[in-house]
Amino acid sequence: MDSVDVVVIGGGQAGLSAGYFLRRSGLSYVILDVETSPGGAWQHAWKSLHLFSPAGWSSIPGWPMPATREPCPSQAEVLDYLARYEHKYALPVIRPVQVKRISRSGSRLRVEADDGRQWQTRAVISATGTWRHPCTPGYEGLNAFGGVQLHSAHYSHPEPFAGMRVAIIGSGSSGAQILAEVSKVAKTTWITQRVPAFLADDVDGRVLFARATEKWRAQQEGREPDIQRDGFGDIVMVPPVVDARRRGVLVSMPPPVRFTATGMQWADGSERNFDAVIWCTGFRPVLSHLEGLGIVNARGRIDVDDTQVRSVAAPSIWLLGYGDWNGAASATLIGVTRYAREAVRQISDYIGEASPVLSGA
């Protein structure tokens, strides 16, 4: 069994950000990644995906993302950046490693992989994200539906849906962007729980990050955030979505009451037939490796302290990048830095070793 001060679980943007600060802390550590290559969940994003912000606003700590060909980086450019980042800082990533269990071992923790490998450690940073836990709501008759069903987690490109009648379910940016490109090759229907809220055309990720930062500062200061009502979480009008609006397809309808063998039925008795459904209905945190510690609550989350990165019930466990409950914008490239820095600062204090300058990003 190997022994290190800190085990980071997850080699995506959050895990690499933690690694950046850990390499400056003097602590021994490893990063265990379930993927076979660098890039985390970005490897599974759809091929046409572009970020909401320019490269300078899409970076993790230490090394800014290089300028990209288009104003906002593509999926391929993000993957290249993360792979080069990992190499640049010689981060000790071990892959592929599927962590199946974390248990207490005296005053330390035991991290066990499904292939029998084990690590003993004094602290764990869990940064496994959400991609491997897609969320699909339940509907009456869903199992009887005979068409194709696909979650956005596994959507790659629109060509397989050419000529089909496709329902896109979900009111977020992923739903709008996937609708935008699938509607070019298929007859689409956009189904949303609420009326979609679109940001102004000139609002991008920089504005969203500023709003998330204000939310974070307000929380630290114990006040209400001073942000616009159409703030963080609404649909960004990236060029494909603007084009979809121009084509008149950016119109949604409310959810059905049930599925049928051939489609869906609404409360007024009307029905529509579909060949496929693409679920853009979000994700839940991947925390199964922590369930044995008894700290995952009924909502599938872990209660964290006021800093939003440390487990209340298991103070040797830190969490990074799972969404707003784990820090405003913490699941974004630029947003994870402040939380990674804070987690490593706390770990250094917890372990009781000096931590060289951690104030710079």
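Mentor: Buried here means under 20% relative accessible area, exposed over 50%, and partly exposed in between, with a 1.4 Å probe and protein chains only. Helices (H or I, at least four residues) and strands (E, at least two) are DSSP runs, numbered from the N terminus. This is a predicted model, in which local features need pLDDT of at least 70 and side-chain atom pairs count only at pLDDT 80 or more, while totals for chains, interfaces and linings use all residues. Residues are numbered from 1 along each chain as its sequence is written, and side-chain values use heavy atoms, with hydrogens and water left out.

The protein has six helices and 15 strands, and 51% of its 361 residues count as buried. Helix α3 spans residues 173–182, and because nine of its ten residues are buried, the rest of the structure largely encloses it. Those buried residues are S173, G175, A176, Q177, I178, L179, A180, E181 and V182. They pack against the strands β8 (165–169), β9 (187–191) and β14 (276–279), and against α5 (239–246), where contact means heavy atoms within 4.5 Å.

Turning to the helix pair, α3 and α5 pack at an angle of about 60°, with their axes 9 Å apart; axes are lines fitted to C-alpha atoms, for helices over the stretch in contact, and angles run from 0 to 180 degrees between N-to-C directions. In this contact, A176, Q177 and A180 of α3 meet P240, V241 and A244 of α5. The residues involved divide into five nonpolar, one polar and no charged, where Ala, Val, Leu, Ile, Met, Phe, Trp, Tyr, Cys and Pro count as nonpolar, Asp, Glu, Lys and Arg as charged, and the others, Gly among them, as polar.
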